[in-house]
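I opened the model this morning with a few look-ups in mind. My notes follow in the order I made them.

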Amino acid sequence: MAADWRSFKPVLIPDIPNLDDIDVYIKNGGYEALKKVLSDDWTTKSVIEEVKAANIRGRGGAGFNAGLKWSFMPEPDGGPRYLACNGDESEPGTFKDRMLFEYNPHLFIEGSLIAAYAMQCSTIYVYIRGEYIDWIKMMDSALNQAYEKGFIGENILGSGFSVNFYTHPGAGAYICGEETSMLESLEGKRGYPRVKPPFPAQKGLWGRPTTINNIETLANVPLVINNGADWFKNIGAENHPGPILYGISGHVNQPGVYELPSGVPVLDLIDEVAGGVKNGKKLKAVIPGGSSTPVLRADQLDGVSMDSNSLREAGSMLGTAGLVVIDEDTDMIDLLWRIAHFYHHESCGQCTPCRDGTGWLEKILLKIKNGEGEVKDLDLLLDLTTQMEGRTICALADAAAWPVRHTINRFRDEFEARCKKSVHAIA
Amino acid sequence: MKYEFTEDELKQIEVIKARYPEARPATLPVLWIAQNKFGHVEPDVQKLVARTLGLPEAHVHGVAEFYTQYYKKEQGKFVLDVCTCLSCQICGGYDILHYLEDKLGIKHGETTKDKMFTIQQVECLGACGYAPMMQITNGVYVNHLTREKVDKVIHGLKNGEMPEFEPMEMRKVKPQEN
Amino acid sequence: MPEVFIDGKSYEFEGQPKLLQFIMDEGLELPFFCYHPSMSIPANCRQCMVKVGQPVKDRDTGEYELDENGERVIRWFPKLQTACNFDVTDGLVVKTQESDELVERAQKDNLEFILINHPLDCPICDQAGECPLQIQTYKYGPEGSRFEVKKVHKPKRVQLGPRVILDAERCINCTRCTRFADEISKSYQLTITKRGDKNYPTTAPGETFDDPYSLNTVDLCPVGALTSADFRFRARVWEMNQTPSIDVSNGKGCNIDIWTRDNQVLRITPRHNPHVNDYWMPDVGREIYPLFNDNRISRPSVILDGENQIKSSWNNAIETFGEQMEAIKPEEILAIGSAHASVEENYLFAKFGNLLGISTPLFTPHIEPGSGDGFLITDDQAPNTNGVRLLGFEETDSKQLKTAVKSSNAKMILLLSDHLIDRGVLSADDLSGKYLVMFATNESETTKKADLLFPITCVVEHAASYVNVDGRIQRSFPAKETKYTNRRLDLEMTEGRLDRYGTKFDNWVTDENKVDCLPVWDLMALIGGRLGLDITYEGGSREVIKEVSQNMPAFSGVTYERMDDELGIELDTEHQTVKS
Ligand SMILES: Cc1cc2nc3c(=O)[nH]c(=O)nc-3n(C[C@H](O)[C@H](O)[C@H](O)COP(=O)(O)O)c2cc1C
Ligand code: SF4
Ligand code: SF4
Ligand code: FES
Ligand code: FES
């Protein structure tokens, strides 16, 4: 078992003033990992192997091993290849990638450059949600600094490796965080997720091999190169190792982003880290990793920690590690209706079960919220979630279905209490 | 034509186009340039963007309509995007929204008569830890809203003062006393 | 050969088919909406769900792993898959709605979702009767609806363009229309607007969908969201007859269907022919249908003295023709064939002249340079230019034709179905002093000048062949009765519900809709009879084309059967064309 989280020292965003300044970053060992991989000691293959061994699980929500993903890129054929960095950060409850843009942009840039080198990409795009205009500007100036220092551009540090790096703004669409929707948006289109196969590694941007990674995922890469895969694997939970930027919001005294190892017990995060439930109220529930992850009742949290195995056993997921803390006074019907509203509003509308299902879910929940629902509506809602799940082009429909299913199942009494007595005979 | 780009803007657009293997990917960034300049991307502005990039008008229109941040018609001078999503909802986002609506005498989706303010209810803006919050005209985030803070912000805006960017630092775990 | 197992039955396959297409090619069924074989595959309707699994192979031996019963071990995909974009691979096991309850359920679930925001318009919707949504719902849909909340409302009766009208509430967002404009016609005039369940197709504001191929989107639309401004509310499709034919509005020869009700052509739609027009046709080809109904020449006419044509009986007209012919020398007769008429008509026209010693007919192609688009609209305005060429007619330009007509040698002109004055080749003056005998279908400035005017059948009233710009010979079928034909007796004619059950006394049967005209082969038999020539074809045009194929090397081997089986026959125009 790894060391206690209490003794952990932040590594993604260490407590160093002005680290966003490239000179400060370099003074603190920045861009050493890039130099290392560009030296003769490393090959593209050995970088991928090291990252794979470290098991950096995607921080965008799906938790896929980054090095393994990189290894899916086909052999270079002389044509362009792309790395697309996912800074869309739009899943409710998630607000951590912006911390990297603001406080340690060069770590992310360096990680992306290493990834681009390992996969022999010719261009890197970082897609940042349009609302983050201030953070896009921060990234632009950090990229300029890195260009000036010769870390980006032609023949980087004399290695013969060249890559360009640009920001690309979104303009208000949660769905563009879905990786293939993001590619469409990067191509200047409506953000309609693509059908897979073909997967982006085969046909991504402009039909060329492309890999998509989350910002935080990429920021971990220099740490792995500098300290080794074993060091990384020893941080936090074994099944999901490494530092995590936990975004804690909702009813806690100290909401915000904390860097801690993975696998911190949920209750510790609430009580010790985030200063406990606000106003001395009792904890009612927790959404552990962004709005799509199933809500857990307070009584389901004993011994549950923030890693994928533990949360799966408890009946939820780690997602983006954006923890939403819910106190005893919260109306779960209101809460669920608002989540359903979000997914309805954000469905791209391309495929049937999601386009029409998300709206139907919201409308029934609104009816129940207004006291006009019946118990049979709850069962209809549950039916609809199975009709949506796994039947669509992308996972937004799943993300919309899960909270509905689990919130109703875990707070059934509360929902039933809000329903009218059914006028229909119960079969 | 009512709307045109200046030489400088056209140069800036060329720089953006050069980032991609074709012109179409510049659609979103150029719509942004247009909106920052004209305050909206109503149909004639969409046409300008299409013409400038050599793209079909229908394409630019479809894109403009897909993304919520583009104003498809003129808005108030200050657009107050109040988040009422998950974390903001449970931290009083609706209270702030309704307070603003009452204060300005309009509902969300509407613009004040003097064209000064538009209120919109928006989805999560990625500032959940600083809830409730709002964004002003696709720009600055104003966090930890209270009624008092809203009063101050509105007062300031009326005097042409945009709130300053509020850095939200990383939280540090307070050492526990055992 | 590799094989795939569908609902327990094995099928061999070649190449790399997609599952949905393969299932349809095998004559099996799967409900779907968004897939179209000639466009990209978005897999967005999610209707064509199937369960698929792959046999497990032993890593070392490469053999299929078998279970205790000796059956292949199948690894099923964890989720149902859409068949439209799924590659068929060797050993694949597929379960459709026929053999799997979950698949059946999933298809039903999906239809339930599609229907919740779909208006209950079937009674007044033009698509009813030929609506994939209606049909799939009937076959695979849920019995009732559990939707008790408010439907989404969207714009209705939007004039997208001059020819296409949108009802956005009926749209199921399959993107067939936008894909068509992006991938096929390449006008890029359409996009989906908004997001989520507010999505619908539209043009850019202020722009009009005037794509010259716009009406194909009406055919493509799997619901009644896109309707034809012209055809809207004109007829229920189940009351109409559908007859295969050829587009005569230009030289491409798009394969089409002629839709009639009560002997009126009400619309034209494209018919699939991968060698010619795939699934498409230009809007102009559809818009010519009034030519087949209106302004038709019915009964022969003669000018007795002076200017005025008067209607005449067939006997009188033929007798007049006979008298005129007897009074004139063959050298004084100029015969002009027509690229607007079929191979059979031109052939008989030439044969008739030949028997009388009249020299080979001339003809002037009807070509407007620059009007073609390299797709399905050609510079050639006539359907049979190559056919006339292959028959060995003497090709002239306008000037040469004018000279020939004006020559004092030409006292009588026999003109087949070419409105030479209307299209500016001749002026009315050029014909003064000439005795003009014309065989035509529609009234025009040119027919007005005819001293003797014989009404003949048009493309929708007879079976006849046309050779397109690429040298492909294709044929029409009779779709519309004349005074002398009867769908119940003519095996080539289709008989719709109204025809079958209607009688002369029903108010939906109008006898006036039958034109008093004859096919050229019947007319020639009568005229020949009067002039002592034997030109009879008991078997009609089918017998004519047989003779053409025997006498004209360019047409050797051509029969209706082959044209029907092979969707037309490519002729060797290179070596046979006299002049191009
Ligand atoms: C509806 C939807 C929204 C998503 N939004 C984001 C997002 O905002 N940011 C992100 O990094 N990943 C998001 N993802 C996950 C991405 O599709 C993708 O898995 C991820 O960016 C891959 O990077 P990673 O492997 O480094 O996590 C989203 C997925 C779905 C289905
Ligand atoms: S699941 Fe929803 S968001 Fe994803 S492609 Fe389908 S409609 Fe779009
Ligand atoms: S209008 Fe018809 S063709 Fe176009 S997207 Fe809608 S349903 Fe499909
Ligand atoms: S919920 Fe309001 S910013 Fe995330
Ligand atoms: S046909 Fe629409 S998903 Fe397959």
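Leaving aside neighbours within four places in sequence, which residues is C:F375 in contact with? I found C:I184, C:Y213, C:K252 and C:W280; contact means heavy atoms within 4.5 Å.

Ground rules, before I go on. This is a predicted model, where local features need pLDDT of at least 70, side-chain atom pairs count only at pLDDT 80 or more, and totals for chains, interfaces and linings use all residues. Residues are numbered from 1 along each chain as its sequence is written, chains are lettered from A and ligands numbered from 1 in the order in which they are written, and side-chain values use heavy atoms, with hydrogens and water left out.

Entry: C:F375. I placed C:F375 in the loop between strand 18 (362–363) and helix 10 (385–390) of chain C. Helices (H or I, at least four residues) and strands (E, at least two) are DSSP runs, numbered from the N terminus. C:F375 is partly exposed, at 28% relative accessible area. The scale is buried under 20%, exposed over 50%, partly exposed in between, with a 1.4 Å probe and protein chains only. I also checked C:A181, 194 residues away along the chain: its C-alpha atom is 14 Å from that of C:F375.

Entry: ligand 3. I listed 13 residues around ligand 3, with C:C171, C:C174, C:T175, C:C177 and C:C221 coming nearest. The cut-off is a heavy atom within 4 Å. The shell divides into ten nonpolar residues, two polar and one charged.

Entry: C:T175. I took this one from the ligand 3 list. C:T175 lies in the loop between strand 8 (164–166) and helix 4 (176–184) of chain C. Is C:T175 buried or exposed? It counts as buried, at 10% relative accessibility. Its side chain makes a polar contact of 3.2 Å with the side chain of C:N44. A polar contact is a pair of N or O atoms within 3.5 Å; within protein, one must be able to donate a hydrogen and the other to accept it, and residues adjacent in sequence count only if both atoms are side-chain atoms. Beyond four places in sequence, C:T175 touches C:P42, C:N44 and C:I192.

Entry: ligand 1. I counted 18 residues around ligand 1, the closest being A:G60, A:K69, A:N86, A:N214 and A:T217. A polar side-chain atom of A:N213 lies 3.0 Å from a ligand 1 oxygen. For A:E89, a backbone N or O atom is 3.1 Å from an oxygen of ligand 1.

Entry: chain B. I noted seven helices and four strands. Of its 178 residues, 57% count as buried.

Technical notes. Ala, Val, Leu, Ile, Met, Phe, Trp, Tyr, Cys and Pro count as nonpolar, Asp, Glu, Lys and Arg as charged, and the others, Gly among them, as polar.
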